[in-house]
Amino acid sequence: MRQTERPNFLLFITDQHRADHLGCAGHPVLRTPHIDALAARGCRFTDFHVATPICQPNRASLMTGRLPSAHGLQLNGRELSHGERTFVQMLRDAGYRTALAGKSHLQNITAVPPFWPRSGERLASESRALFPGDYGQEVARRWDEDEAFELRLPYYGFEQVVLTIGHADEQSGHWRRWLRQQVPDADRLIGPDNAHPTPDWALTRLRQAWRTRVPEALYPTNYIAQQSGRMLRELAAQDQPFFLQCSFPDPHHPFTPPGRYWDMYRPSDMALPHSFDAPLTDAPPPVQWLHAQRSVRPPHFKPGHGSFAVTRQEAQEALALNFGSISCIDDAVGQVMTELQGLGLAENTVVMFTSDHGDLLGERGLMFKGGLHCGGLTRVPFIWADPLLNVAKPVRQTSALAQTTDIAATVLARAGVPPAHGMQGQSLLPVMAGQTDALRNSVLIEEEGQRLDFNMSQRIRMRSLRSKHHRLTIYDGQDWGELCDLRADPHELRNLWSDPDSQALRSQLLAELAYAMLNQTNTSPYPLASA
């Protein structure tokens, strides 16, 4: 790929957004014209997977180009060590200006005590300590209780940060402070107790959706777009190239799309996923347990953070509101892109679009995330819109296997900045330039959690190997797992783990998983001597 002057970079990232929930991905109902326009002039990856389908760890993998087992933030509740070198810091060291508007989530956002270790299990000391630095800077309570509290900059390489913390219309950080400046009694607009009544909505009863009183113009999505535009104007006035991350906390639950976006899509029009009520063959115990819970819900059931089994109405409502949130984001993307073009920056700015993980949203009759690695959770959008793709014979769409860890390597390669030792992702530029059809045969996906989900006796620790044709998933301490033939069973309805005719394949994939884990073992830092 030909390079001229160093490009600018603009990264859009959403939260909990499936790859198939875009117009450019062929969705028959969801309208995303502005994101579709990026795909039309760029390259869209159709088989792009996360390093882990959990917020904090995967965002850390995006920033470092390393799997969670390498960077150490393996589960929500830990914080990214200041000893980890982010690609944003590397860009800054190379002369780039760097800025972030919206969600970061590289540090904890609550001070709620962890679920693990349980009482009496915590040892007095740790084998590994965090690198010195300020932690707990994203805890919402610190921002709410101290109006003067600010991040210590640069923050993981970002010189300028406008921060939103949390989800729905209850977010904290800079947005909440700004909202209070716009509306004196702003707190009366936010949260389920202040929302417009929606008594017929099942998700309202579960407190996973409410019709917010926050106007569209004041909602976090629009605020993030406005702040991104302001940052673009400031960056355009300088001589240095820039990296700007525009990070939206939606369409993550609870669902609170503002104004017209609430009823932009009707639940009754929502087609449920093919696997919603399809028969499952040898479903893994977590799925069996979740399905059993649907019929024994107590009257005042409220979902927690993890997966749960949903009714048809709940799933259709979630899809409709999720689509409303995505359309709201799409309009915000259009707003930022209009600013970029008006400033004359579009011809030298690489624009990317991705998400930190997916959502079940009715797949297998379940919703949310946690403890499962089916495609709806691990496959996310990735679009790379590069002005130079219009120069030669660009690849507009590719099914090459790629992963969140590749974003750092690709940005650095495009900027002409050498990667750091220990980065595990690969540059995707050769694929987009048409020099190769694939960079790898499979991706390794990790996950660890704190909770004893699915009535299991130990917390979730799992690994998956996903190739073009198969997915193999193992769980720590369990003699069961998942094996899916993605060619014959693209919806992953039939688990072949115990199928007698699939035992040779299972052994082969287990060996490939072992080699993948060995290949991705952390190699940093370099040795200082021979002995």
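Strand E16 (residues 470-475) is joined to E17 by 5 bridges in the antiparallel sense, and within this pairing Arg471 has Cys484 of E17 as its bridge partner. Helices (H or I, at least four residues) and strands (E, at least two) are DSSP runs numbered from the N terminus, and two strands pair if DSSP finds at least two bridges between them. The model is predicted, with local features needing pLDDT of at least 70 and side-chain atom pairs counting only at pLDDT 80 or more, while totals for chains, interfaces and linings use all residues. Residues are numbered from 1 along each chain as its sequence is written, and side-chain values use heavy atoms, leaving out hydrogens and water.

E16 and E17 belong to an open sheet of 4 strands, in the order E14-E15-E16-E17 and with antiparallel pairing. Its edge strands, E14 (442-448) and E17 (481-485), each pair on one side only.

Elsewhere, strand E1 (residues 8-14) is mostly covered, since 7 of its 7 residues are buried, that is, under 20% relative accessible area, where over 50% is exposed and in between is partly exposed (1.4 Å probe, protein chains only). E1 runs parallel to strand E9 (residues 349-355), to which 7 bridges join it, and Leu10 stands opposite Val351 in E9. E1 also pairs in the parallel sense with strand E7 (residues 242-247) over 5 bridges, with Phe9 opposite Phe243 in E7.

Helix H10 (residues 312-342) is largely enclosed by the rest of the structure, because 23 of its 31 residues are buried. Just after H10, Gly344 takes a positive phi of about 75°.
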